[in-house]
Amino acid sequence: MAKSIAVIGDSESVKGFGAVGMDMFICDDPPSSPQLLKQIAENDYYAIIYMTEEVFEASVREREKLAERPVPAIIPIPGVRGNTGIGVRRLSRFVEQAVGSDILFKN
Amino acid sequence: MDIMNVNPTRMQMTKLKKQLVTAKRGHKMLKDKRDELMRQFIELVQENKRLREKVEKELEACSGHFVNASAVMSKKSLDSSLMASKQQTGVDVGSKNIMSVDVPVFSAVSQSPEKGDIYPYGFAFTSFELDDAVSSLNELMPDLIKLAEIEKSCELMAAEIERTRRRVNSLEHVMIPRYEATIKYIAMKLEENDRSSRTRLMKVKDMLLEKAHHYSQKKD
């Protein structure tokens, strides 16, 4: 079954994604992002939701509710304001959760 | 080690022994599951790391292109150029089972009117920077989707590994020792009962014999 891809983030960062056929949701105010994420994830219409790092940070609790489900996959991407390393930190947290200590990213 | 609150009977012991066998078998299987999950997880997470670094680098480059484009074009014309996209990108969602963890498999489905025609605007009033930005983002799409798939798989597997590890540990360090201790306790108790009834019987026998034959009197 074909599902769509959503991008949430500030207007500067998500602009380009609209051009390649993703649905963009502009959220210039990070604290309001959990509400937006909830609406987007609600009807199972989107398989992948990319979020820029600022809004990704702001919606921890909403994301946790969706973490156990196979879809949607919520993936952080760097926005125009640059990369803060959230993506890699998230990976290292997975490793820590699975292995007990971070054996891949510690250097 | 604490023991279970059970009656020290032979029947209870047989039952516990059966449960211990099941627990040991379960422990072995869960341990195998954990090891295999771990092996696959490590492979996946390394791939994930590699892909993420690549995607992040390229996305930053894309953002750079967009910033350049917005520098030479007015905000209004830039926004209106990007507003109506020609292609609609979606994903087909399948699922794959890795050691009882259901992970999604995404395959990109993109509908564009013409192959290669990805630009949602005419070239007359836009800068070439914008073309670069859109085309590089378009090239990045397969990697972005792959990243989503792998990262979601990692997330789900990490949670499953944690759960399995807890189960293995609880079996190994709590359940199995407790069963063993309880079985030992019942065995001891039964032996003790056995000895006490044996000595009682011996005593009774002595007393009966004494009564019938009056050994102690004959000795004198």
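Helix 3 of chain B bends by about 40 degrees at B:Met141, shortly before the proline B:Pro142. Here the bend at a residue is the angle between axes fitted to the seven residues ending there and the seven starting there. Helices (H or I, at least four residues) and strands (E, at least two) are DSSP runs, numbered from the N terminus. Keep in mind that this is a predicted model: local features need pLDDT of at least 70, side-chain atom pairs count only at pLDDT 80 or more, and totals for chains, interfaces and linings use all residues. Residues are numbered from 1 along each chain as its sequence is written, while chains are lettered from A and ligands numbered from 1 in the order in which they are written.

Even with that kink, the 86 residues of helix 3 of chain B reach 124 Å from first C-alpha to last, close to the 128 Å expected at 1.5 Å a residue (the expected span is 1.5 Å times one less than the number of residues).

## Where the two chains meet

How many residues does each chain bring to the contact? Chain B supplies 51 and chain A supplies 33, with two residues counted as in contact if their C-beta atoms, placed from the backbone, lie within 7 Å. On the chain B side, at least two residues each come from helix 1 (10-72), helix 2 (75-83), strand 1 (88-98), strand 2 (101-111) and helix 3 (128-213). Helix 3 of chain B gives the most, with 18 residues.

## Strands across and within chains

Strand 1 of chain A (residues 2-9) runs antiparallel to strand 1 of chain B, and three bridges join them; strands pair if DSSP finds at least two bridges between them. A:Ser4 has B:Gly90 as its bridge partner, and A:Lys3 has B:Val91.

Within chain A, strand 1 pairs in the parallel sense with strand 3 (residues 46-52) over five bridges, and A:Ile8 stands opposite A:Met51 there. Strand 1 of chain A also pairs in the parallel sense with strand 2 (residues 23-26), over four bridges, where A:Val7 partners A:Met24. From strand 1 to strand 2 of chain A, the chain crosses through helix 1 (residues 11-19) in a right-handed β-α-β crossover: with the strands pointing away from the viewer, the path from the first strand over the helix to the second runs clockwise.
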